[in-house]
Amino acid sequence: MYQALYRKWRPKSFSDVYGQPHVTKTLQSQLESGRISHAYLFTGSRGTGKTTCAKILSKAVNCLNPVDGNPCNECEICKGIENGSILDVIEIDAASNNGVDNIRDLREEANFTPVNAKYRFYIIDEVHMLSIGAFNALLKTLEEPPSHVIFILATTEIHKLPATILSRCQRFDFKRISPEDITARLVYVAEKENVTLTENAAALIARIADGGMRDALSLLDRCFAMGNYIDEDAVSAAAGIAGTVHLFSFSEFVAKGDFTSALKLVSRLHNESCDIDSLCTELTLHFRNLMVAKTVKDCDGLIVCSKDELEKIKSRANELKLSKILGCIEILEKAAANIKNAVNKKIQLEAAVIKMCSPVSAGSANEELEERIAFLESKINLLASGKTVQTPKETAPAVYTPVAPAEETKAPVKSEPEIQEEKTEPEKTQEKLPEPQTPSASVIDDGPFYNWSDVLEALKKYDIPLFGILAGSSAVIKNGRVIINSENPTLFDFICADTHSRELARAIYDVLGQKMKIAVSNTEKVKTETNPLDNLKNKIGNFNNN
Ligand SMILES: Nc1ncnc2c1ncn2[C@@H]1O[C@H](COP(=O)(O)OP(=O)(O)OP(=O)(O)O)[C@@H](O)[C@H]1O
Ligand SMILES: [Mg+2]
Ligand SMILES: [Zn+2]
């Protein structure tokens, strides 16, 4: 019968236990000096060696020829415990034996002397599952067990244990196993099983296992099913994740703002039955690595990957601004939460991908504001010194004069960097408004834009992402401008991109037969009207007037 790898390769002595030297060394020296405790508590996350160490301890204590605090695994006692023929080591699953009666039975049985071994061991797994009554029934025995009994309690949820239990046990905390230790164990097991496991593949499994050796070995088991040569692709396929090649493609598309390719990639991976939750997690990890590479000079120990991959991460990090990377992590975190409850997970990820690829994503808005403030400050200084200033191209325009479709090749001319809110007083609005560029006198009256849905319908042909973002929006026409009303906070960022504003202008032109200026209202950006920038602008205005 096939035995799962993690069971087959359960360490048989303390020397084979990886990544828990603070536990194994202490236990070994206790065994050597004969200072054994009568109650132990092993705690820590899943698959880190708690049950394994409990079994080794039970063998080592009873072994006829222990070596350096390790069981010999050769004597009849060691063999008997290992194959289950010696009944003095008793494993109890507290999840299914959690009542008072179970513990009472245990107490009675504990009074009998062991049959073969020196000590009878009670290994109580998932001990936090015991009922209050059962805990109380255990207390007395735990404090003063018969001299031939040793208890080992194991749990992943230490906070659920009563303080009375904690204080009666010697506690050992099992740590998550480091990626290096997991990798080393995987390579060892693969070699013994005559399977080739590449360095990158082992590192990838270690990363996915996140500190749990059982998970790592289970994944290796699934990879074994795919053949005798295991590389990263095999691991990705076995784990149902995208694989690092795709992750690098994603970050490349983000850097280029190429959401078409990014969407196509999501679609392809989805068709290849890649799990959307895992893909989102992997993407978050990838951008986390880019963040670390971008900010920490000596980041080798902080990123789990092969050497080649680290070089790739560093060079990709160079291509992206930190604010962009942070923005992407934020978008992915939100998407992960949405994906959990979503009816259609793919759509949630697509929306996130579009936001990530949009030219101004969360985070970089601040950077732009900083740039604008710095520019305005320098302008004030120059004006104060009596020099003339040339107005450079503005960086964050909110009102656009897109070109008509006929002149499509030209980028739209961006005018004053300001956001007009619909409710602004008319006189003030007029003052701030740039002169319309349109040659034709406006034949369109102010008021609600009744055919707005036609514009959206037309937009569907030109720019699907923007069409999606404008869902639920409305518009009014005022002073020859189309003012869009939308709750979607990403609209502003989106429309900052020339390509999107041009397509929208084209759709409006299709419906009205006239080119119009576009403004966004009711977005979060309206808040910027009251920011310190305006004070600076006013100051400049004053300088100009003087
Ligand atoms: N530190 C380790 N070194 C080597 N192998 C380990 C280690 N920890 C776990 N393993 C592997 O994982 C398997 C499961 O480990 P074990 O049963 O000891 O985990 P556990 O900590 O008791 O987990 P749980 O909380 O899920 O009960 C073992 O059979 C072994 O193959
Ligand atoms: Mg266990
Ligand atoms: Zn032995």
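Analyst: **Close-up on one strand**

Of the contacts in the protein chain with a separation of 6 or more, 74% are between residues 24 or more positions apart; a contact here is two C-beta atoms, placed from the backbone, within 7 Å. Some housekeeping: this is a predicted model, where local features need pLDDT of at least 70 and side-chain atom pairs count only at pLDDT 80 or more, while totals for chains, interfaces and linings use all residues. Residues are numbered from 1 along each chain as its sequence is written, with chains lettered from A and ligands numbered from 1 in the order in which they are written.

The chain carries 24 helices and 13 strands, taken as DSSP runs numbered from the N terminus (helices H or I, at least four residues; strands E, at least two). Across its 546 residues, 39% count as buried. Buried means 20 or more other C-beta atoms, placed from the backbone, within 10 Å of the residue's own; 12 or fewer is exposed, and in between is partly exposed.

The part I'd pick is β1, residues 39-44.

Now its neighbours. The order of the open, five-stranded sheet is β2-β3-β4-β1-β5, with parallel pairing; strands count as paired if DSSP finds at least two bridges between them. At the edges sit β2 (89-93) and β5 (170-174), each of which pairs on one side only. From one strand to the next the twist averages 15°. For angles, axes are lines fitted to C-alpha atoms (for helices, over the stretch in contact), and values run from 0 to 180 degrees between N-to-C directions.

On one side, β1 runs parallel to β4 with five bridges joining them, and Y40 has I152 as its bridge partner in β4. Its pairing with β5 is parallel too, over five bridges, with F42 standing opposite F172. Further along, β2 and β3 (residues 120-125) are paired in parallel over five bridges, where V89 has F121 as its bridge partner.

Next, what lies across the sheet? Helix α3 does, spanning β1, β2, β3, β4 (149-155) and β5, and it runs at about 170° to β4.

The shell has 24 residues, of which R10, G49, K50, T51 and T52 come nearest; near here means a C-beta atom, placed from the backbone, within 6 Å of the molecule.

At the other end of the story, the loop between α3 and α4 (76-83) holds N73. N73 isn't a glycine, yet its phi is positive, about 60°. Is N73 buried, exposed or partly exposed? With 17 other C-beta atoms within 10 Å, N73 is partly exposed.
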